[in-house]
Amino acid sequence: MQILVLVSTLLVLSLIGYYLGRSRAVASVSGEASRLHSLPGYYGLYVALWCGVPALIVLLAWLSLEPWIVERLLVASLPESARSLPSDRLALLLNDIRNLAGGNIVSRDVDPELRDAANHYANMRQIGTWAEIVVCLALAVAGIALGQRYIAPDLRARNKVEKVVMAFLVISSTIAILTTIGIVFSLLFEAIRFFRLVPPSEFLFGLEWSPQTALRADQVGSSGSFGAVPLFAGTMLISFIAMCVAVPVGLFAAIYMAEYAHPRFRAAVKPVLEILAGVPTVVYGFFAALTVAPFFRDSGGFLGLDISSESALAAGVVMGIMIIPFVSSLSDDIITAVPQSLREGSSGLGATRSETIKTVVLPAALPGIVGGVLLAVSRAIGETMIVVMAAGLSANLTANPLEAVTTVTVQIVTLLVGDQEFDSAKTLAAFALGLVLFCVTLCLNIVALRVVQKYREQYE
Amino acid sequence: MSDTAGTGTVKTGLPRKNINEVVSAGIRRRYAAERRFRAYGLAAIGFAIFALTTLLVTIVGTGYSAFTQTMLELEITLYPQDIDPEGNRDPKVLSTANYQALVRQSLRDLFPEVTTRQERRRLNGLVSDGATFQVRRAVLDDPSIIGQRISILVPMSDDIDQFMKGHISAEVPESDRRVSDQEIAWLERLQDRNLVHRTFNWTFFTSGDSREPELAGIWGALVGSLLTMSVTLALAFPLAVATAIYLEEFAPKNRWTDLIEVNINNLAAVPSIVFGLLGLAVFLNFFGLPRSAPLVGGMVLALMTLPTIIIAARASIKAVPPWIREAALGLGASRMQVVFQHTLPLAMPGILTGTIIGMAQALGETAPLLMIGMIAFIVDIPQGVTDPATVLPVQVFLWSDAPERAFVERTSAAIMVLLSFLIVMNAFAIYLRKRFERRW
């Protein structure tokens with residue numbers, strides 16, 4: 001809340017800076033704006049930037065560093081007996097001090113020492129907050145003063161302002177790269193810690209997955225085994241079922257829409273596909289668990305088949321429905337991109353429409369469609385909510401779609417929802433799975449995008 | 001036609017009649033294939049429509065009944081000696097008084113013949129625990145009613161509610177049913193005295209989550225969604241527009257910009273759960289931001305929607321014809337002025353459309369938020385972006401896991417609310433596109 005007030009104060013100060021700068025610039029040429037190098041507004045912006053930018057940068061740095069520094073100071077102020085605690089016990093103690101200072105429930109008896117530490121902590125936080133406010137506001141005011149001093153008729157205000165804007169544009173455009181780097185490093189870092197506990201060969205080729213590690217060394221039956229093959233198999237099974245639904249339906253729908261449909265029919269059906277694409281995955285998951293899975297189970301019982309109520313079939317079919325619009329819109333684009341002259345040539349030779357499509361249009365569009373299908377596969381592999389809600393939890397190495405299987409994403413969610421300790425193989429395994437997921441989808445995406453792009457260039 | 005067929009006869013030596021038959025049979029076959037092919041296409045579209053209708057019908061069919069709630073009209077005597085023995089109307093005393101006993105007493109007054117402990121407990125179970133809070137709120141709002149006999153509508157328990165809505169059938173043998181025969185008999189007597197009403201379920205829209213289905217609402221999740229979306233919008237929109245401007249208007253064509261482009265395209269296709277892992281490892285563990293907070297959720301979703309908005313914004317900026325830029329440059333504008341005073345305003349409708357679609361995507365996203373702990377059970381309405389909160393799709397996920405029958409209809413109802421938000425957002429995006437679309 002204080003931060004919000006502080007930021008709005010900074011914004012108001014910048015606004016004041018804008019008007020001060022503007023009027024000073026106009027005054028410096030005694031009202032003849034044409035003698036200024038830039039439009040008066042640029043002088044205002046110049047001062048406003050001087051006011052806002054340094055203060056905001058300092059504020060950001062402060063916010064990200066303050067907790068760390070305060071913690072260091074707090075640890076330094078603790079008695080020697082507490083400082084020598086192992087790091088996890090120390091973290092618990094610090095947590096208790098923080099909770100006590102914040103008026104929350106504390107997990108241990110409150111002794112005077114703890115109370116002192118909490119007071120000290122609260123004090124430091126308060127001093128920190130006030131110092132932050134004072135420093136930021138002082139910087140803002142100093143910025144205005146400094147900017148004002150620089151204003152002169154021949155100050156190249158526009159160029160300077162534009163340089164700052166340009167810097168902002170460049171920095172923004174690197175966010176995409178930073179995100180990728182962040183993903184790669186966060187996954188890699190935790191995965192390496194995991195591979196120190198479990199060898200990669202066991203993870204990649206082991207046939208047994210039961211991530212429950214023992215709490216005590218002498219506990220029976222939960223040594224934890226991290227062979228991810230059943231998860232990969234389950235993911236592939238469900239994705240395969242999804243593709244069996246999505247590819248034919250999506251492709252035929254796209255062909256009909258692109259080649260046959262009356263514009264009015266197109267206008268009526270397109271929204272249906274768009275709505276299917278816009279339905280959140282959690283809704284599909286609920287639909288799968290509430291309607292589709294029981295339906296398959298009951299009809300299986302009717303036919304004398306034993307279908308699990310968390311069968312791969314139900315999750316796969318619903319996931320396929322989710323992916324239909326994805327396949328159809330990509331294929332639609334690609335089919336309409338096939339040049340009309342090819343169709344006309346084929347029709348001129350006497351082929352019917354379907355023959356034209358089968359022998360001319362589809363072969364021409366095939367690379368693009370393959371690319372689209374690859375993108376769809378990567379969507380299916382990474383899809384989470386449907387499988388979390390409709391597929392099973394137990395790792396089951398089977399190719400039978402009527403049984404329950406589990407997937408990589410389901411395991412990531414189950415391993416990470418709830419309390420986590422970042423030194424157990426169980427939690428770290430989720431990051432290793434995430435790394436595999438990221439690598440596989442990345443490869444699929446790169447190949448698919450290449451294929452689609454090549455195809456587009458062919459006819460452009 | 002017959003002439004060509006005739007020459008054909010001569011050349012191939014086949015009888016004249018035959019070739020006609022062969023050709024027309026071939027044409028028949030080919031036309032049948034044509035019709036089949038069309039039918040496949042129509043069947044595919046039919047399947048998609050069927051899937052969508054089944055989905056919507058299921059959701060609405062199970063969800064519509066959650067918008068009403070069975071209420072019991074209770075006459076409660078607010079004895080001053082129970083609520084406020086000292087008579088000074090101290091709010092602290094008022095809020096700690098035993099209202100539960102009053103509610104139970106009033107139920108017992110309705111059925112004086114109920115005496116055994118077990119039966120009494122069952123009788124008390126007819127109304128929700130929320131009744132107590134409701135009476136307390138009524139007293140705190142207006143202490144002058146103490147000493148009077150008030151008539152108040154209190155929610156009935158979820159099982160009774162489900163029975164009244166017909167979701168629990170009386171045909172089922174008693175042992176398999178959540179409502180006993182005796183409770184049904186009580187309920188019938190209450191109905192005869194016209195004390196049972198079905199009213200609009202305001203609780204559903206005004207309260208936070210609860211373990212009791214009849215007290216659970218989506219307001220907390222809605223506020224959480226709103227806070228999260230504000231953070232997402234505040235971060236994603238400026239960054240995405242800036243990136244799009246840079247890439248379209250200023251970026252030199254070199255390896256660096258190629259790399260940026262490849263990255264953006266790939267990020268658009270990275271599974272959302274990976275963004276959740278990023279949020280967990282970087283925002284929570286590295287920067288130590290609070291768990292379950294809309295701030296972190298918004299940041300993760302912003303990273304996720306950035307590519308969508310960037311791609312839409314780039315397409316929209318690209319669509320502005322070059323002669324606009326040339327004309328402005330010719331009049332002496334700087335490149336930055338061209339962008340901010342001409343290109344950007346013209347591209348804005350397209351950018352906004354893309355932004356709304358990206359936000360709609362973010363609003364429905366669940367998986368990454370599970371990773372950063374927005375799945376906690378939170379009763380309070382969040383007050384700021386650092387308070388623990390949950391969002392609408394996660395609320396759907398949480399409720400879908402609950403065993404009570406009453407939560408099924410609430411899940412569906414929450415989905416209906418979520419879907420209507422998405423439809424409104426998408427409709428607005430389409431309107432923007434239609435209204436401001438320009439063809440140059």
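Chain A of this predicted model splits into two domains, with domain 1 covering 2-155 and domain 2 covering 225-459. Their centres, taken over C-alpha atoms, sit 48 Å apart.

Now for how the two chains meet. Chain A puts 69 residues into the contact and chain B puts in 67. On the chain A side, the top contributor is helix H6 (residues 157-197), which supplies 18 residues. Sort that side of chain A by class and you get 46 nonpolar, 19 polar and four charged residues.

On to the sheet in chain B. Here three strands make an open sheet, ordered E2-E1-E3, with antiparallel pairing. E2 and E3 of chain B are the edge strands, each pairing on one side only. On average, neighbouring strands of this sheet are turned by 40° against each other, ignoring direction.

What holds E1(B) to its partners? Strand E1 (residues 68-77) is joined to strand E2 (residues 149-155), also of chain B, by seven bridges, the two running antiparallel. One spot to look at is B:Leu72, which stands opposite B:Val154 in E2(B). Strand E3 (residues 196-200) of chain B is linked to E1(B) by five bridges, and this pair runs antiparallel as well. In that pairing B:Gln69 faces B:Thr199 of E3(B), while B:Met71 has B:His197 as its bridge partner. As a reminder for reading the strands, side chains in a regular strand alternate between the two faces of the sheet.

Helix H7 (residues 130-141) of chain B lies across E1 and E2 of chain B, and runs at about 140° to E2(B).

Next, the helix pairs. Two packed helices are described by the angle between their axes and the distance between the axes. Here are three pairs side by side:

| Helix pair | Angle | Axis distance |
|---|---|---|
| H1 (residues 2-28) and H5 (residues 112-150), chain A | about 10° | 9 Å |
| H8 (residues 229-260) and H11 (residues 312-337), chain A | about 40° | 5 Å |
| H15 (residues 322-330) and H16 (residues 335-363), chain B | about 155° | 10 Å |

Take H1(A) and H5(A), which pack at an angle of about 10°. That angle makes H1(A) roughly parallel to H5(A). From H1(A), the contact draws on A:Gln2, A:Leu6, A:Thr9, A:Leu10, A:Leu13, A:Gly17, A:Leu20, A:Gly21 and A:Arg24, and from H5(A) on A:Thr129, A:Ile133, A:Cys136, A:Leu137, A:Ala140, A:Ile144, A:Gly147 and A:Gln148. By class, that comes out as nine nonpolar, seven polar and one charged.

The pair H8(A) and H11(A) packs at about 40°, with 5 Å between the axes. At that angle the two helices are therefore oblique to each other. H8(A) and H11(A) cross in a right-handed way. The contact of H8(A) with H11(A) contains 25 nonpolar, seven polar and one charged residues.

Over in chain B, H15(B) and H16(B) pack at about 155°. Angles over 145 degrees count as roughly antiparallel, so H15(B) and H16(B) are roughly antiparallel to each other. Their crossing is right-handed. On the H15(B) side the contact is made by B:Ile324, B:Arg325, B:Ala328 and B:Leu329, and on the H16(B) side by B:Val338, B:His342, B:Thr343 and B:Leu346. Those residues divide into five nonpolar, two polar and one charged.

Technical notes
Residues numbered from 1 in each chain as written. Chains lettered and ligands numbered in written order. Predicted model: local features only at pLDDT ≥ 70, side-chain atom pairs only at ≥ 80, totals over all residues. Pairing = 2+ DSSP bridges. Helix = DSSP H or I, 4+ residues; strand = E, 2+ residues; numbered from the N terminus. Axes fitted to C-alpha atoms, helices over the stretch in contact; angles between N-to-C directions. Parallel < 35°, antiparallel > 145°, perpendicular 65-115°, else oblique. Left-handed = near helix turned anticlockwise from the far one by under 90°. Contact = placed C-beta atoms within 7 Å. Nonpolar A, V, L, I, M, F, W, Y, C, P; charged D, E, K, R; others polar. Domains from an automatic or database assignment.
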